[in-house]
Amino acid sequence: MRYHPRMLERISEAGTAEGVRERRFDIVRPEGRVPGVLWTPEQAGSATPLVLLGHGGAGHKRDESRLERAHAYVRRYGIAAAAIDGPYHGDRAARGREQRYDATVAGEMVGDWQATLDALLDLGEFDEDRVGYGGVSMGTMFGLPFLVADGRIRAAVLGLCGVRSSARTEDSLFARLVRDAPRLACPTLFLMQWDDELFDREGVLALFDLLGSADKRLYANPGGHAETPQHVRDLGLEFIAAQLLA
């Protein structure tokens with residue numbers, strides 16, 4: 001489904017820092033507004049690659065990790081980056097609203113990401129054939145269904161997720177991941193923390209094994225869920241940049 005350009009509203013300048021231009025925007029959907037941030041090189045052309053950044057369960061569109069990755073993409077590679085708030089996070093947090101992580105919410109997030117990508121491409125600033133996605137943990141739980149449903153993503157970094165979890169997530173969401181994973185087609189780097197306390201080792205390996213991508217790579221590192229070292233984060237940046245700039 002294509003969304004009309006007017007679905008992107010309130011795009012405003014938030015500032016420029018060391019060659020990185022930051023703009024805020026809202027995607028207007030029938031289900032409500034989806035707040036986002038766009039980072040681009042100061043001198044971006046109409047063929048600039050774009051990477052979408054999905055945040056984890058404790059994050060939001062402009063958390064420290066999203067800022068670090070976005071600025072790295074722009075400064076190191078000249079690649080633009082965009083992020084949106086997931087349900088119950090950032091500007092979409094609502095006190096008293098029950099937080100549910102199930103297949104229905106995943107489906108809503110698929111629509112959010114598709115509407116975001118449509119609206120950003122309608123700006124005429126980005127190359128629609130060079131779009132990547134990076135998101136681990138919750139960024140994979142909601143990102144994998146999006147990648148499969150949309151089909152426009154050229155390369156992805158996923159991981160820190162499996163077919164089950166000790167965190168509060170309903171079985172219907174994991175059932176969707178199991179169903180969608182074999183349909184994933186783009187080159188994918190899958191990151192794993194060997195001692196992850198939220199996603200057990202066997203479940204993570206099972207999800208990786210299900211991925212249908214002909215080019216899929218597993219990188220496992222010692223440590224817990226939130227202990228991914230800097231060199232592994234850099235590896236993800238390099239993987240997507242190599243795919244988008246080839």
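Reader: Which element gives the largest share of the lining of the second largest pocket?

Author: Rolling a probe the size of a water molecule over the atoms shows where empty space is left. Here α2 provides 4 residues of the lining of the second largest pocket, the largest share. A pocket is an open set of points on a 1 Å grid over the protein atoms alone, with protein on both sides within 12 Å along at least five of seven lines, and lining residues have an atom within 4 Å of a point. Helices (H or I, at least four residues) and strands (E, at least two) are DSSP runs, numbered from the N terminus. This is a predicted model, where local features need pLDDT of at least 70, side-chain atom pairs count only at pLDDT 80 or more, and totals for chains, interfaces and linings use all residues. Residues are numbered from 1 along each chain as its sequence is written, and side-chain values use heavy atoms, with hydrogens and water left out.

Reader: How many residues of each class line the second largest pocket?

Author: Its lining has 7 charged, 3 polar and 2 nonpolar residues. Asp, Glu, Lys and Arg count as charged, Ala, Val, Leu, Ile, Met, Phe, Trp, Tyr, Cys and Pro as nonpolar, and the others, Gly among them, as polar. E31, G32, R92, E108 and D112 lie nearest the centre of this pocket, which holds about 210 Å³. A volume is the space filled by probe spheres set on the points, joined across faces, edges and corners.

Reader: Which residues line the largest cavity?

Author: A cavity is a set of points where a 1.4 Å probe fits but cannot get out. The largest cavity has about 50 Å³ of space, and its lining consists of G54, H55, I84, M109, W113, Y133, M138, G139 and F142. α3 contributes 3 of these residues, the largest share.

Reader: Why is the pair of Y101 and F142 stacked?

Author: A pair of aromatic rings is described by the distance of the centres and the angle of the planes. Rings of Phe, Tyr and Trp (its six-membered ring) pair if their centres lie within 6.5 Å; planes under 30 degrees apart count as stacked, over 60 as edge-to-face and the rest as tilted. The structure has 5 aromatic pairs. For Y101 and F142 the centres are 6.2 Å apart and the planes at 20°, so this pair is stacked. Y101 is in the loop between β5 (80-84) and α2 (103-121) and F142 in helix α3 (residues 138-150), so the pair ties together parts 41 residues apart in sequence.
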